[in-house]
Amino acid sequence: MSPTAWLGFLVAAITLVADQATKLGLLFGLDLPARDPVQIGPFVTLTVVWNRGISYGLFQQGTAFGRWFLIAVSAIACVAMGWWLARAGSRLLAVSLGLILGGAAGNAIDRVAFGAVFDFIHLHAGSFSWYVFNVADAAIVFGVIGLIYDALVVDRQRASCRGQRIRV
């Protein structure tokens with residue numbers, strides 16, 4: 001496996017550990033469910049939300065079949081991300097895929113262990129309120145941003161460099 005792929009898998013492992021450590025620390029260390037909500041600053045509150053759906057709470061699943069269906073989809077996505085990551089040709093692509101892989105695995109572990117994903121970070125300002133998310137969700141968002149940047153900017157730069165003749 002290439003050093004680039006190792007980097008991506010390292011990022012996935014760090015993301016997974018950070019995600020699970022924050023969730024377990026808040027659930028069992030801080031006992032956030034008993035203290036909910038906990039104001040961290042003027043714009044950040046820790047609160048307990050159990051997401052039985054996918055991103056932004058879409059497609060909520062209230063049945064065992066729905067839960068295991070989402071777990072299966074997550075497992076397939078993790079395998080696909082791992083396969084793609086093993087073939088990543090750039091550090092940006094590897095890191096982006098690692099973030100997505102680690103985040104997807106972290107949320108899948110929640111679904112297996114708790115039946116839902118534990119979300120806890122709530123950003124807000126005045127009447128503005130962002131959805132409640134976790135470390136895995138943030139990693140997935142940054143990973144997707146990296147994939148988009150790689151596809152739209154870096155790939156074009158590589159293509160334009162290949163199209164230019166190098167003069168000696």
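## Helix 1 and its buried residues

In helix 1, the buried residues are T4, A5, G8, V11, A12, T15, D19, Q20, K23, L26 and L27. Please keep in mind as you read that this is a predicted model. The helix itself has 27 residues and covers residues 3–29. From its first C-alpha to its last it reaches 36 Å, close to the 39 Å expected at 1.5 Å a residue.

Helix 1 is followed by D31, a residue with a positive phi near 55°. That is a positive value in a residue other than glycine. D31 sits in the loop between helix 1 and helix 2, the latter spanning 32–35. With a relative accessibility of 36%, D31 counts as partly exposed.

## A network of charges

K23 and D19 form a salt bridge, and their closest N and O atoms are 2.8 Å apart. Both residues belong to helix 1, where they are four residues apart, or about one turn of the helix. As a reminder, an α-helix has 3.6 residues a turn, so residues three or four places apart point the same way. K23 counts as buried because its relative accessibility is 1%, under the 20% cut-off. D19 is buried too, with a relative accessible area of 0%.

Which residue forms a salt bridge with D110? The partner is K23, again with the closest N and O atoms 2.8 Å apart. This pair links distant parts of the chain, since D110 lies in helix 4 and K23 in helix 1, 87 residues apart. D110 and K23 are both buried. The salt bridge count comes to two, and D19, K23 and D110 are linked in a network.

Now for the strands. As background, strands of a sheet pair through backbone hydrogen bonds, either parallel or antiparallel. Here, four strands form an open sheet in the order 1-2-3-4, with antiparallel pairing. Strand 1 and strand 4 (128–133) stand at the edges with a single partner strand each, so one side of each has no neighbour in the sheet. Helix 1 packs on the sheet and touches strand 2 and strand 3, its direction making about 85° with that of strand 3. Helix 4 (residues 91–114) also packs on the sheet, touching strand 2 and strand 3, and its direction makes about 120° with that of strand 3.

How many bridges join strand 2 to strand 3? There are six, between antiparallel strands, with strand 3 covering residues 117–125. In that pairing, V44 has L123 of strand 3 as its bridge partner, while N51 stands opposite V117 in strand 3.

## The hairpin and the cis proline before it

Strand 1 (residues 38–39) and strand 2 (residues 44–51) run antiparallel and are joined by two bridges. The bridge partner of V38 is L46 in strand 2. A hairpin of four residues connects strand 1 to strand 2.

What kind of peptide bond joins D36 and P37? This one is cis, with omega about -5°. You will find P37 in the loop between helix 2 and strand 1.

Note on methods. Residues are numbered from 1 along each chain as its sequence is written. This is a predicted model: local features need pLDDT of at least 70, side-chain atom pairs count only at pLDDT 80 or more; totals for chains, interfaces and linings use all residues. Side-chain values use heavy atoms; hydrogens and water are left out. Two strands pair if DSSP finds at least two bridges between them. Buried means under 20% relative accessible area, exposed over 50%, partly exposed in between (1.4 Å probe, protein chains only). Contact means heavy atoms within 4.5 Å. Axes are lines fitted to C-alpha atoms, for helices over the stretch in contact, and angles run from 0 to 180 degrees between N-to-C directions. The expected span of a helix is 1.5 Å times one less than its number of residues. A salt bridge is a side-chain nitrogen of Lys or Arg within 4 Å of a carboxyl oxygen of Asp or Glu.
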